[in-house]
Amino acid sequence: MSNSESVSLLAESAGEVAGNPTRSRKRSVVWQYFQELPNEGKAQCVHCSSKLSYHKGIGTSHLQNHIRTACKEFPEDIDRNSIFPKSVSTIDIRNFVLDPKLVRDFMTKFWITANIAFKKIENGFFKRMMRTAHPSLEVHGRHTLKNDCLLVYQEEKKKIAHGFANTDSCVSFTSDMWTSNQNLGYICLTAHFIDGDFNLHHHTINFKQVPHPHNAAAIHSTIMDCLYEWDLPNKAFAFTLDNATSNDNAVKKLGETLWAGMPFVGADLHVRCTAHILNLIVQDGMTALRGVVEPVRDVIKHISSSISRLQIFNTIPQQFNLRTKRGFSLDVSTRWNSTYDMLKEALEYKDALNHYANLQNIQAPNLEQWSLANRACQFLKHFSDTTKVFSQHNSPSAHRYVEEVWGIRELLLDEKNRSDTFLKVLCDDMKSKFDKYWDKPNKILLVSSLLDPRYKLSFLKYCLMKVYGEEVADRKTNEALIWFKAYYSHYERIMQRSSQSNISSSPEVGSSASMLSSLSGKRKLGLEFALFRQRSRPHRSRRSEADTYLDDSLVPSREGEEFDVLRWWRRNQDQYPVLARMARDFLAIPLSTVASESTFSTAGMVIDKYRNSLSSETVEALICAKDWLKGYLSDDDEDDEGVITDQEIN
């Protein structure tokens, strides 16, 4: 965001506070395309019904960007860019009205999102800067700042809680454990749900300290405390966790409390992190790559060992039309994807690395080793791409479970790979671990895959038939269909109860009885007969909504075009109301724990060696508030203007 835009934003908000009608935010062109929902802290697009974070004072640039690029229902005959032409914002400084409260609010949120220690606010130059900007800008001490941060946390928490309370969707969770430099264990709980407008939400709702020992009982107790804190026990759906034994036992205890009313008593609602399983599968094959990786690693280690060697190397790439390097990535033995990244980068600079090795008189990989490295890299790319699908949490991925898992199975059984002596060893090692974890797929995720209108039951049957033959494929497909219809019946009952509840609470209930009492003679007899005929009408069986959906034609998919499954269900919810309600819960299930694990990098910055005396309550407030505040700026591309990238420097 440029300086002029920042001043404009501050002036606009301050003008509203001062009651300046000429600076009214509602006069912005953006409000022709959005409707503000103040109770939800959102603004809703009038075209595609998407809801974006919005409240007084955060600006409208992310709303403008939505209209410019993201709205998929925007009329094609209107030039989006002409609506919000980018120009230098002008402001009459003479009429500017400063609002110290607004500045203090922004400053508090800046402190939270930038992970700045509270004591930094007492820096003398910072105080002078604020007083120089305006004499009325008083800088408070660290204790006041801490209290302000906690107030922001409480205010944002109310908004998140309001979102949970006002949706009939179930909520799925990811969770993971982390140990701080205080040697204290924390559990991160992230909530995922799809609202009635088919927008996917995910929030870090808790970052709780777990009492020692960190066993199943402690994890179960902490998670239940979190659920009760947010009033979510009755909405809890699937839990995605890694393969730790303590997690297995903890979820078993959770299931006894949360899933008693679910079909199959909630079996398979414990989803094992697919990214973690995939990592275990690939790690089993990495020992066969040792002879390929080590020669490449040795050259890169030599270059990376000193600045002078890197400078010598950087005289070479230009000879091969390559860019100079700030450094190479070295792999970590426990992370196969780091080995893949190292090989990929090394292959790009193969000629330069060979030339450097000759100049330095060190051993470079020979032609055969480079050939093996290239084949291994191409093979591992499939796993890297699948990991990215499993790890995404800003868009649904559960419906892609069958597609991705069977894609890996096909790769391991591919005759082209198995005819290659080198790759066959990799495939054999990985296949045994694949069978251990994925020979019996999670049925909840199979149900999710059936909710992809491009595939439904046909794709699952086709995949099974390729592996097991038609007879076994029919049996396994039928098992998945039984689960699908059982959950469909469960959701049908839920919607019927909701409908009956609405009818019984209507003032029209009982109107027939009161009408009868007010009538007499022939008219009363006629109405009584009409009611009798309605009650005694023979019941005609009809095809269920689930059968209609499964029998309808598959939605065609275009190669290279990203299919928006939530958009499809939003458009077709009137045709399939029960399944659409069901899709909101199943498609929100995350395939991996990445959403929770990514919070640990923030936690490491919050609890660094200078702030390890923070209480666990303050830690939770700072980490959760930062996650919630991100939504206000996530679509603001203008924040990146003027940033010089590494490529531009090189």
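I begin with Lys-208, which forms a salt bridge with Glu-620, the closest N and O atoms being 3.4 Å apart. Lys-208 belongs to strand 6 and Glu-620 to helix 28, residues 616–633, so this pair ties together parts that are 412 residues apart in sequence. Please bear in mind that the model is a predicted one.

Lys-208, at 23% relative accessibility, counts as partly exposed; the cut-off for burial is under 20%.

Lys-208 has a further partner. Its side chain also meets that of Glu-229 in a salt bridge, with an N to O distance of 3.1 Å. Here Glu-229 lies in helix 7, residues 216–229, while Lys-208 lies in strand 6, residues 200–209, so the pair ties together parts that are 21 residues apart in sequence. Glu-229 counts as partly exposed, because its relative accessibility is 32%.

Which residues make up the network around these contacts? Lys-157, Lys-208, Glu-229 and Glu-620 are linked in a network of salt bridges.

How many salt bridges does the structure hold? The count is 33. One of them joins the side chains of Asp-564 and Lys-72, at 2.7 Å from N to O. Asp-564 is in the loop between helix 23 (545–551) and helix 24 (565–572), and Lys-72 is in the loop between helix 2 (61–70) and helix 3 (80–83), so the two tie together parts that are 492 residues apart in sequence. Asp-564, at 27% relative accessibility, counts as partly exposed. Lys-72 counts as partly exposed as well, with a relative accessibility of 49%; the exposed class begins over 50%.

Finally, I turn to helix 25. Why can helix 25, residues 577–586, be called largely enclosed by the rest of the structure? The reason is that nine of its ten residues are buried. Among these buried residues are the charged Arg-581, Arg-584 and Asp-585, and the list also includes Val-578, Leu-579, Met-582 and Phe-586. Ala-580 and Ala-583 are buried too.

Thank you for your attention.

Technical notes
Residues numbered from 1 in each chain as written. Predicted model: local features only at pLDDT ≥ 70, side-chain atom pairs only at ≥ 80, totals over all residues. Heavy atoms only, no water. Salt bridge = Lys/Arg side-chain N within 4 Å of Asp/Glu carboxyl O. Helix = DSSP H or I, 4+ residues; strand = E, 2+ residues; numbered from the N terminus. Buried < 20%, exposed > 50% of the residue type's maximum accessible area, 1.4 Å probe, protein only.
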